[in-house]
Amino acid sequence: MKFTFTDSAIEYILKQINKFDEIAYDIIIDYADGNSPYNENISSCHCQVYDKYRVLIVCKNDVNIKWSKYDKQVESNFGSVYFPSYYEMMFDKNNVFDYKDFTLNLKSEAGIIADQVQLIIKL
């Protein structure tokens, strides 16, 4: 499995995190569930996936992250990303985060996975 960020997605994320050094934060790919950090919308149904995919940018020592949940790590063109292995089935072989039309989205060789991916920054 592979995650790639387009140039426009990287530019968008870097603008949002502003001056932070990349060694000071971790990137988490999350599918929001009842065990996800910084999840403000816990009442939605799992059958509605359009608002479940998230990219979290967090401090390396963030105490709100249950690292045992994010047990899978892969390299991307934007650095290491972490995600829960039990949600691996939610992704395809080649996953691409793109930013266009003022929206971060996730697509793959199969098509659009999520047309609106939340970017959550907790630095």
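A residue is counted as buried at under 20% relative accessible area, as exposed over 50% and as partly exposed in between (1.4 Å probe, protein chains only). Helices (H or I, at least four residues) and strands (E, at least two) are DSSP runs, numbered from the N terminus. The model is predicted, so that local features need pLDDT of at least 70 and side-chain atom pairs count only at pLDDT 80 or more, while totals for chains, interfaces and linings use all residues. Residues are numbered from 1 along each chain as its sequence is written, and side-chain values use heavy atoms, with hydrogens and water left out.

The protein chain contains 1 helix and 9 strands, in the order β-α-β-β-β-β-β-β-β-β from the N terminus. Of its 123 residues, 42% are buried.

In strand S2, 7 of the 7 residues are buried, so this strand is largely enclosed by the rest of the structure. One side carries Tyr 25, Ile 27, Ile 29 and Tyr 31, and the other carries Asp 26, Ile 28 and Asp 30. Strands are paired if DSSP finds at least two bridges between them. S2 is joined to S3 (residues 53-59) by 7 bridges, antiparallel, with Ile 29 opposite Val 55. To S5 (residues 79-83) it is joined by 2 bridges, parallel, with Ile 28 opposite Tyr 82.

Asp 26 belongs to S2 (residues 25-31) and has a relative accessible area of 8%. Contacts (heavy atoms within 4.5 Å) of Asp 26, not counting residues up to four places away in sequence, include Leu 56, Trp 67 and Tyr 82.
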